[in-house]
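Please read this short report alongside the sequence and the model. It covers a sheet, some helices and the nonpolar cores.

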Amino acid sequence: MKTTTLWLIDRLPFLWRALGVNYPQLRAILGVKLTLDNRRPATAFQRWNQKETESNYSFYVSLGIYAFMGIFAAVMLALVPPPAIVPAGVFFFGYVMVICALTLINDFSSVILDTSDNQIMLFRPVDGRTTLIARIVHVVSYLFTLTLAISITGILVIGVRFGVGAGLLTLLLSLLTAILMVFITNVLYLGLMQFTSESKLRELINYVQIITAIVFYAGFQIMPRLIDKGSFAAQPFTWTWWHYLLPPYWSAGSLDMVINHRIDGPHLLVFGLITTMPFAGLWLMARVLAPAFNRKLGGLDAEANAPEQAVSAKSAIPASSLADRLGTWLSTSALERAAFSFVWHISDRDRQFKLRAYPQLGYGLAFVLFTTLTRRGIFESGSQGAATNHLLILYMGVLFMMAAMSLTAVSDQFKAAWVYTSAPVTRPGDLLAGRFKAVVVKLMLPYYTLLTAYVFYLKGPGVVLDVILAFVNSLALLLISEFFQKRSLPFSASQDALKRNMTARSFIILPVFGLIGFLHWGLTTYIPYGTIVALPVMAGFVWLLFRAFRQTAWGEIS
Amino acid sequence: MTPVIAIHNLHQFYGATEILKGINLTVAPGQVVGYIGPNGAGKSTTIKTLIGLLPDFQGEVSVLGLDLRTQAMDVKRRIGYVPENAVLYDLLTPTEYLRFVGQLYELDATLVDKKAADLLHLFDLTQHANNRMSTFSKGMRQKVLLISGLLHNPDLVFLDEPLSGLDANTVVLVKQIIRQLADSGKTVFYSSHIMDVVEKLSDRIIIINGGQIIADGTFAELQATRDTSLEQLFGRLTGNDTQTATAEAFIQALNQ
């Protein structure tokens, strides 16, 4: 990764000159950043004496997943007749674009908006342009690899069908799309920085990230439906004005131009757009936006360090909040109450938590919505296919709850967890119980309410027993999944610990999850009054599980 | 002689909060200036403004005879800064980090390697020179930070709490380094909370409170009004000389 990137940027001196970047400094910064990336996860693995090469393991896993998803994007490229390459291309490049945008927003926003560099580099003679471009090249180096993984199938398909030249063009177009997305996300962030008060910016970016992620996901689900089936007929694509506004059409049009030898006004225009816009964007970022961007970032940092201009409290005794009142009401011990309020407050305030948890829930809702919409389209109405649907919807929720639950165990400030061990805590299980209750009340209840509303909308209120049983079973599943892993006190583990845990645990829990869902389905379908009988049994089971969970001793906690 | 630092009517804001409320200050070369004040008085803000981290200030500031607004990059090239909270890329080794810093100043690579090795040796870090800094103690990091701030041989050095985390021997060493830097004609501008160090080391002491300079002079001059230690003087000037009473109240609150 490091050598390839540095080799590539060594080949582009003209680009750096055009952007007005100090090249030796750019190279130094990039070299250090890539070295840091190679070493970062390694520190977490040192305890197991694993080799450094394994630190990139998760990156390669995600590359594999991206490549796998890329296969679906390329299916249409393989099937359509050559004249109808544009809609297939739009789908393919749209897919690349969406994945790039999602990755940038979810994974790389912290790199783009990194302020930790400020304290190391801002007072040294490095200009803002160089630091911004270094940051962008850093992001792009990863994004290119991911883009390559997504588009490799498409590139091969095009290459085999239409020759190597067309395949290479597809590669080029995919990479250009990636650069364009970097530009668009940067402009988005800068725009936000211009129009909002700086103190609220981080919060706002957080929400924008969540919303954009959901919108992009939803958009991607809808996109295939937007494409008119008729346009697959073997007739030339007709251009309308709004096609010129959407980058996937630029790439698809360029592909059309080369494959079908259609060299005319619209095709040359879109080809011009896709080849110039990414670089124009880079130039604009370096020449025009960089100073503003860095000043704003510096401001972010200063703001964070500024003396808190809090509402001057009359007394240091905190006002009783909703969390405290709920905690008092729902908890049986002081420790439990402490964990309850703690999880409640941190999940409100921790940017990282919100950024990790809420998009999950959003995806969950979007997933439910769109899969059921598609199903309904296929099975028309009231058929067998729709009958099992509401159980699927309800149980899907557990997956997202499990993710949210694990997130309440991790924190960037996990080292602060020394307070648990220095305090005379004899029953750590109470802390776990408080954490569990907070997640159930704060995240799971509202989420299930939404799901229930949707299920009622689909099936009518007759399925209320199913809803309740599914909720109780979900509680059981959540507890079981906690038993299958190292139990952690609230916000006491590092993010790496979560990643290690995740894969293995899903393998164990998924069969259980499937079994319970299947049994529920069997009960509803074949046994009269089965649900009513199962309900108290499962409720008792949950109570037993919870009691055991609460009795967790220090030895069982990681 | 042109002053090394010339500040005229400096105002600095964080959002709507005014942190610096009109600072006026001139520093001549070859001085060790101790800049002290209670938490939140504006010490770090002054230093961050002077090194060009906070470009949105009001007033006139020139550093090393260069206008900070228009020639910030030239200023940065000739000043050194050691920040208060030791932030560095601790996954790098000291050698790698110092080489990186050298590249940012566009210094000759072989010279930087040689210099870094010598300086690390003088700070007793030779055997750790190729270990990652993530395992370092706070004092060891502080040593690397000091080197990284001085590596390019700056004419003006800003030190924010330079002695924090250092062991007793290194404190003596760093104090000597500060003294000798000033004797060789360089200027050292540093902030600290440790009053007896400031008292002994500084040619000039500046006390800031609530964003304004409230005292400025040699220790002897500040002392002239009443014969007392800098600690007591500081407490009186910053309106906080009731520590004994507060300590009693603190103990009482604990016993509730």
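How many helices and strands does chain B have? Chain B has 10 helices and 10 strands; helices (H or I, at least four residues) and strands (E, at least two) are DSSP runs, numbered from the N terminus. The model is predicted: local features need pLDDT of at least 70, side-chain atom pairs count only at pLDDT 80 or more, and totals for chains, interfaces and linings use all residues. Residues are numbered from 1 along each chain as its sequence is written, while chains are lettered from A and ligands numbered from 1 in the order in which they are written.

**Chain B and its sheet**

Of the 256 residues in chain B, 41% are buried. A residue is buried if 20 or more other C-beta atoms lie within 10 Å of its own, exposed if 12 or fewer, and partly exposed in between, with C-beta atoms placed from the backbone. Two residues are in contact if their C-beta atoms, placed from the backbone, lie within 7 Å. Among contacts in chain B between residues at least 6 apart in sequence, 67% join residues at least 24 apart.

An open sheet in chain B is formed by six strands in the order β6-β7-β8-β3-β9-β10, and the pairing is mixed. Two strands pair if DSSP finds at least two bridges between them. Strands β6 (79-82) and β10 of chain B each have a single partner strand, so one side of each is left without a neighbour in the sheet. From one strand to the next, the twist averages 15°.

Strand β3 (residues 32-36) of chain B runs parallel to β9 (residues 204-209) of chain B, joined by four bridges. Strand β9(B) also pairs with β10 (residues 212-217) of chain B, in the antiparallel sense, over five bridges. The table lists some bridge partners.

| Residue | Bridge partner | Strand of the partner |
|---|---|---|
| Val33(B) | Arg204(B) | β9(B) |
| Tyr35(B) | Ile206(B) | β9(B) |
| Ile205(B) | Gly217(B) | β10(B) |

β9(B) and β10(B) form a hairpin with two residues between them, and Gly210(B) in the turn has a positive phi of about 55°. Helix α6 (residues 168-183) of chain B lies across β3, β7 (156-160) and β8 (187-191) of chain B, at about 145° to β8(B). Axes here are lines fitted to C-alpha atoms, for helices over the stretch in contact, and angles run from 0 to 180 degrees between N-to-C directions.

Helix α19 (residues 428-459) of chain A has 32 residues and reaches 43 Å from its first C-alpha to its last, close to the 46 Å expected at 1.5 Å a residue. The expected span is 1.5 Å times one less than the number of residues. α19(A) bends by about 40° at Met444(A), and Pro446(A) follows within four residues. The bend is the angle between axes fitted to the seven residues ending at a residue and the seven starting there. Just after α19(A), Gly460(A) takes a positive phi of about 85°.

Buried residues of α14(A) include Phe340(A) and Trp344(A).

**Cores**

A nonpolar core is a set of buried Ala, Val, Leu, Ile, Met, Phe, Trp, Tyr and Cys residues joined through C-beta atoms within 7 Å. In the largest, of 145 residues, Phe92(A), Val182(A) and Val188(B) touch the most other members. Apart from that core lies another, of 56 residues, among them Met444(A) and Phe513(A).
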